[in-house]
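Please look over the sequence and the structure shown here, and keep both in view while reading the paragraphs that follow.

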Amino acid sequence: MTRILIAGSSGMVGSLILKEAIASNTVREIILLNRTSAKKLPEKVKEVIHADFENFDGLENDFSNISAAFFCIGVYTGKVDRDRFRKINIDLPVSFGRFLKSNSPNARFCFLSGAGADRTEKSRIAFAKDKGIAENKLSAMDFRGFHSFRPGYIYPVTKREEPNFSYQLMRYLYPLLRLFGKNASIKSTELAKAMVKVGLEGGESEIYENREIRELIAP
């Protein structure tokens, strides 16, 4: 039985990963780790309401026998202060990873990172530095497979209220970005499909840049 775990299923990418997993005949059980309850879910989905994503004590059974885990929790730059930004981008995925490793040592871990993530940990850009630190710490946990996905601009296939003006502009310019090549952008549905594919089937790379993510699902 393939049992998967998703953190961040209410977000743009996480919700699409959930949709892909529900449609998959390979996935028999889906554990959702949420802070608040979602809408009505199909029978093979179990929702676990948990507020503290730095402490998962008591959730050992929910983290056990996991084949693939998807961590899609993030925050937009400028939305929170620096300490909170660092906590969300580093502390939360690392705590999640440690607990997963303790209870499902053979799980694959699929991490939603971002273009420009800096594993030298020297970048002056907070997002790049934090994502690089998180990638390094998760990679060192020696999962059966750790895979970091670094998309460029993620085009929301389902229209949404954009978080700021720059995202409004990027959505408007998306047709041009698509012409610039495979490194610039990706559809939200493409990203979710690629992450699920690697989570269920494995992948040859630890890091997937935007171009490589798109190539994973190319016809």
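**Aromatic pairs, helix contacts and loops**

The structure holds 13 aromatic pairs, where rings of Phe, Tyr and Trp (its six-membered ring) are taken to pair if their centres lie within 6.5 Å, and where planes under 30 degrees apart count as stacked, over 60 as edge-to-face and the rest as tilted. This is a predicted model, in which local features need pLDDT of at least 70 and side-chain atom pairs count only at pLDDT 80 or more, while totals for chains, interfaces and linings use all residues. Residues are numbered from 1 along each chain as its sequence is written, and side-chain values use heavy atoms, with hydrogens and water left out.

A pair of aromatic rings is described by the distance of the centres and the angle of the planes. The rings of Phe53 and Phe56 are edge-to-face, because their centres are 5.9 Å apart and their planes stand at 75°. Phe56 also pairs with Phe63, and this second pair is tilted, with 5.3 Å from centre to centre and 50° between the planes. Phe53 has a relative accessible area of 3% and is therefore buried, a word used for residues under 20% relative accessible area, with exposed meaning over 50% and partly exposed in between (1.4 Å probe, protein chains only). Phe56, at 2%, is likewise buried, and Phe63 is buried as well. Ring pairs link these residues into a cluster that includes Phe53, Phe56, Phe63, Phe71, Phe96, Phe99, Phe109, Phe111, Phe143 and Phe146.

The packing of helices can be followed next. Helices (H or I, at least four residues) and strands (E, at least two) are DSSP runs, numbered from the N terminus. Helix α1 (residues 12–23) and helix α5 (residues 188–201) have axes that come within 9 Å and cross at roughly 55°; such axes are lines fitted to C-alpha atoms, for helices over the stretch in contact, and the angles run from 0 to 180 degrees between N-to-C directions. The two helices α1 and α5 are therefore oblique to each other, given that angles under 35 degrees count as roughly parallel, over 145 as roughly antiparallel, 65 to 115 as roughly perpendicular and the rest as oblique.

On the α1 side, Met12, Val13, Leu16, Ile17 and Glu20 meet Ser188, Thr189, Leu191, Ala192, Lys193, Met195 and Val196 of α5, with contact meaning heavy atoms within 4.5 Å. By class, this contact of α1 with α5 has 8 nonpolar, 2 polar and 2 charged residues, where Ala, Val, Leu, Ile, Met, Phe, Trp, Tyr, Cys and Pro count as nonpolar, Asp, Glu, Lys and Arg as charged, and the others, Gly among them, as polar.

Helix α2 (residues 82–103) packs against helix α3 (residues 126–139) at an angle of about 15°, with the axes 9 Å apart, which makes α2 roughly parallel to α3. The crossing of α2 and α3 is right-handed. From α2 the contact takes Arg82, Phe85, Arg86, Asn89, Ile90, Pro93, Val94 and Gly97, and from α3 it takes Ala126, Phe127, Asp130, Lys131, Ile133, Ala134, Lys137 and Leu138. These residues divide into 9 nonpolar, 2 polar and 5 charged.

Several loop residues complete the picture. Most residues other than glycine have a negative phi, and most peptide bonds are trans. Asn65, in the loop between β3 and β4, has a positive phi of about 60° although it is not a glycine, and Asn65 is exposed, with a relative accessible area of 64%. Asp142, found in the loop between α3 and β6 (145–150), likewise has a positive phi of about 60° without being a glycine, and at 58% relative accessibility Asp142 counts as exposed.

Asp52 also has its place in the loop between β3 (45–49) and β4 (68–71), and with 37% relative accessibility Asp52 counts as partly exposed. The C-alpha atoms of Asp52 and Arg35, which lie 17 residues apart along the chain, are separated by 8.1 Å.

Ile217 lies in the segment after α6 (210–216) and is partly exposed, with a relative accessible area of 24%. Not counting residues up to four places away in sequence, Ile217 touches Glu190, Lys193, Ala194 and Lys197.

Notes. A crossing is left-handed if the near helix is turned anticlockwise from the far one by less than a right angle, and right-handed if clockwise.
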